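Biologist: I would like to go through a structure with you and ask what stands behind each label. Please set the values against the cut-offs.

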Amino acid sequence: MADQERTEDLAQLLARLKDTYNVNESEIGRRIGVAASTVNSWKHRTRGGKRGVHPDSLRALAREFPKFTEAEIFAAAGRQSPGPLSPEAEGRVLELYRSLTEEQQRMVEAQMRAVTEMNRTGQ
């Protein structure tokens, strides 16, 4: 199974998910809060091409279909799974951010957007 997890793309994972849970794209979409057409479009996305699937949607898949791990779903989508953020860590980050000047906050936001875009495009 480990080899399958490394080489499986999102279309293959979605097919396996549909078989495992006996659901269609409409049901998947309903359960994670997106349109069936959105789920369908994910099957046609390539790792280096079109914009990736939003991380919140990937997390929702893992939450609603727990036989598939978040790491497995993110890997199939060609993305690294975001690290966990505990409430304590979030509080520390927010406290640090609040201590920055307005200009520094803009710079940090720009850096975070750039890193997020790199994650999205797989660079």
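The questions below go through the labels one at a time.

Modeller: A word on sources: this is a predicted model, in which local features need pLDDT of at least 70, side-chain atom pairs count only at pLDDT 80 or more, and totals for chains, interfaces and linings use all residues. Residues are numbered from 1 along each chain as its sequence is written, and side-chain values use heavy atoms, with hydrogens and water left out.

Biologist: What makes Phe65 count as buried?

Modeller: Buried means under 20% relative accessible area, exposed over 50%, and partly exposed in between, with a 1.4 Å probe and protein chains only. Phe65 has 0% relative accessibility, so Phe65 counts as buried. Phe68, with a relative accessible area of 2%, is buried as well. Asp9, at 33%, is partly exposed, and Asn22, at 72%, is exposed.

Biologist: Which residues have the most contacts inside the largest nonpolar core?

Modeller: A nonpolar core is a set of buried Ala, Val, Leu, Ile, Met, Phe, Trp, Tyr and Cys residues joined through side-chain atoms within 4.5 Å. The largest one here has 20 residues, and those with the most contacts inside it are Leu10, Ile28, Trp42, Leu61 and Phe65. Two or more residues of this core come from each of α2 (10–21), α3 (25–32), α4 (36–42), α5 (55–64) and α6 (70–76). Helices here are DSSP runs (H or I, at least four residues), numbered from the N terminus.

Biologist: Which residues is Phe65 in contact with, leaving aside its neighbours within four places in sequence?

Modeller: Contact means heavy atoms within 4.5 Å. On that basis Phe65 is in contact with Leu17, Tyr21, Val23, Ile28, Arg31 and Ile32.

Biologist: Why is the pair of Tyr21 and Phe65 called edge-to-face?

Modeller: Rings of Phe, Tyr and Trp (its six-membered ring) pair if their centres lie within 6.5 Å; planes under 30 degrees apart count as stacked, over 60 as edge-to-face and the rest as tilted. Tyr21 and Phe65 are 5.0 Å apart, centre to centre, with 75° between the planes, hence edge-to-face. Tyr21 is in helix α2 and Phe65 in the loop between α5 and α6, 44 residues apart.

Biologist: What makes the pair of Tyr21 and Phe68 tilted?

Modeller: The centres are 6.3 Å apart and the planes of Tyr21 and Phe68 stand at 40°, which gives tilted. Phe68 lies in the loop between α5 and α6 and Tyr21 in helix α2, so the pair ties together parts that are 47 residues apart in sequence. Tyr21, Phe65 and Phe68 form one aromatic cluster.

Biologist: How do you know that Lys67 lies over the face of Tyr21?

Modeller: A charge sits over a ring if NZ of Lys or CZ of Arg is within 6 Å of the ring centre and within 35 degrees of the ring normal. Lys67 is placed over the face of Tyr21, at 5.4 Å from the ring centre.

Biologist: Why are α3 and α5 called roughly perpendicular?

Modeller: Axes are lines fitted to C-alpha atoms, for helices over the stretch in contact, and angles run from 0 to 180 degrees between N-to-C directions. Angles under 35 degrees count as roughly parallel, over 145 as roughly antiparallel, 65 to 115 as roughly perpendicular and the rest as oblique. α3 and α5 pack at about 100°, with their axes 9 Å apart, and are therefore roughly perpendicular to each other. Ile28, Arg31 and Ile32 in α3 meet Ser57, Ala60, Leu61 and Glu64 in α5.
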